[in-house]
Amino acid sequence: MRAKSTFVCGDCGAEFGKWYGRCQKCGAYATIEEAAPTTAAGLKSTRTTRAPVRPARRVREIEIDAADSRLSTGLRELDRVLGGGLVPGQVVLLAGEPGAGKSTLLLTAADAVAAATGRPVLYVSGEESVQQLATRARRIGAADEHLLLADSNELSETLGHLEALDGEPALMIVDSVQAIASAEVDGRAGGVAQVMEVASTLTRLAKARNLPMLLVGQVTKESTLAGPRALEHIADTTLAMEGDKQTPLRMLRTIKNRFGPADEVACFEQTDGGIVEVADPSSLFRSLRASPVPGTCLTVTVEGRRPMIAEMQALVSPSTAPNPRRGVSGLDTSRVSMLIAITERLGGVRLHDKDVFTATVGGMRSTDPATDLAVCLAIASAVNEIAIPLDFAAIGEVSLSGDIRRVGMMTQRLAEAARLGYRRMLVPIGTSGSAGRVPENVELLEVATIHNALFTLEGLRPAAPERRSPTTMNREKGRLTSIKPVDS
């Protein structure tokens, strides 16, 4: 189908659907010519061109900032998820549920940046008054003289606070982008048009002045970022703050990052004196006990790029109900149900007449498949009332066929376990050849199936590589025996 022709006046640029001898807008004669036809409507911008302000340049001729030009936030965990600090002109969008600690984290970072640079740091809040901000700042010890607080719900006033500063600011924080509105755009604050206008204006300002900017974004009841999805595309970096209100642990995850890794995780702890970094989160996710107890097994999970020790716990009790209960905390419910079935069917552990409860320690939430083997061993340990040694850890994914599958980042997992004193690792077969350098004083016990794993625990004997049918497994001795830790 031939596209409809368009006629354009060479003097005033007016467009018409047919040719005229005289322009109906400016009155000039013989100035109307047929424009090149377009293939679709709405592509008027392709008909005219203009000289670019900044012409295209060769990539090797463009100078880039050195790595040391990043601005440290004063919090190593926050710098970690940002990829080493803030890049000049970077726009970071921080989202999280109410009460997660977003404002406290940013107020702490603002005070650290102001103290380190000696330049103004502007914190604009659209949800709290200056007096409320000052109360919180004093409670957490944020009192640097270069930290400036302001409250505003209007975009032009927010920009006016920035222009009124004495000197070029080092950082600007807006809390939150949904609470700021522009008088030039119709709609209420937080609406799609308002959010897009405010975010676009602040982003252009940050790029033009090479000013790092942190924006707080509200979330919906489904814990997704409120407002249009395009808001995440406008920002250079999107961070999500997660945490259970019943525990002080807070996890800061990178969802998107144009200037660093997009899968990093930082750990913080919410205290009365503010938010505190947790440099070694492994200590939060395991129980420090003097002697082992039945129903527990250690594993190494990976959050982003960070390996962390996690303790899987299980409690098994006899049940007279026709449908025994299955309770799960901190793990995926459907996956735990699958692991219970695998442990019973392919591991020879009787569970159909027992209540089974599984949980993690410290409020941790894990979806890492590498914890599968530890969950199965914790359940078997609880059934037989046999404690697994304290220096023992299990890493591996369990498939529906009962096979123990290898998982990613095994080298980092083994190194983290060895750092914390774990000397025996139950791992998938073939790990020693693919994991690279195995840490010293670490013994790898490789197994192929879940039955091999239970058989290996019985006196720490070598695993049998052959697959056994359920009938054969039922004839064998299925009870775990006590394991004595290897003398150090």
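What covers the buried residues of helix 3?

A: This is a predicted model. The cover over the buried residues of helix 3 includes helix 2 (102–117), strand 5 (121–125), strand 6 (147–151) and strand 12 (274–277).

Start with the helix itself. Helix 3 spans residues 130–140, and its buried residues are Leu133, Arg136, Ala137 and Ile140. They span an arc of only 100° around the axis, so they sit on the same side of helix 3. The general rule is simple: an α-helix has 3.6 residues a turn, so residues three or four places apart point the same way. The face turned away from the buried side of helix 3 carries Gln131, Thr135 and Arg138, which are exposed.

Now the cores. The largest nonpolar core has 43 residues, and the members that touch the most others are Leu373, Leu377, Ile379, Phe392, Ala394 and Leu426. Several elements each supply at least two residues of this core, among them strand 10 (249–257), strand 14 (306–318), helix 7 (333–345) and helix 8 (372–384). Helix 8 gives the most, with nine residues. A second, separate core of 34 residues includes Leu133 and Ala137, along with Ala109 and Ile173. Leu133 and Ala137 are two of the buried residues of helix 3.

Helix 2 gives the most residues to the lining of the second largest pocket, namely three. The space in this pocket is about 290 Å³. Its lining has 18 residues, and Pro98, Gly99, Lys102, Ser103 and Glu127 lie nearest the centre. Besides helix 2, strand 8 (213–217) gives two or more residues to this lining. By type, the lining holds four nonpolar, eight polar and six charged residues.

Strand 5 leads on to another helix. It is among the elements that cover the buried residues of helix 4, as are strand 7 (171–175) and helix 5 (192–209). In helix 4 (residues 155–163), the buried residues are Leu155, Thr158 and Leu162. Their arc is only 65° around the axis, so they share the same side of helix 4. Ser156 and Glu163 are exposed, on the face turned away from the buried side of helix 4.

The bond from Asp175 to Ser176 is cis, with omega near 0°. Ser176 lies in the loop between strand 7 and helix 5. As a rule, most residues other than glycine have a negative phi, and most peptide bonds are trans.

Glu385 is not a glycine, yet its phi is positive, about 55°. Glu385 lies in the loop between helix 8 and strand 17. It is exposed, with a relative accessible area of 63%. Asn441 has a positive phi near 60°. Asn441 is in the loop between helix 10 (431–434) and strand 21. Asn441 counts as exposed too, at 63% relative accessibility.

Finally, the whole chain. It has 12 helices and 21 strands. Of its 488 residues, 48% count as buried. Among contacts between residues at least 6 apart in sequence, 65% join residues at least 24 apart.

Definitions and conventions. Residues numbered from 1 in each chain as written. Predicted model: local features only at pLDDT ≥ 70, side-chain atom pairs only at ≥ 80, totals over all residues. Heavy atoms only, no water. Core = buried A, V, L, I, M, F, W, Y, C linked by side-chain atoms within 4.5 Å. Buried < 20%, exposed > 50% of the residue type's maximum accessible area, 1.4 Å probe, protein only. Helix = DSSP H or I, 4+ residues; strand = E, 2+ residues; numbered from the N terminus. Arc of directions from axis to C-beta. Contact = heavy atoms within 4.5 Å. 1 Å grid on protein atoms, 1.4 Å probe; cavity = no way out; pocket = protein on both sides within 12 Å on 5 of 7 lines; lining within 4 Å. Points joined across faces, edges and corners; volume = space filled by probe spheres on them. Nonpolar A, V, L, I, M, F, W, Y, C, P; charged D, E, K, R; others polar.
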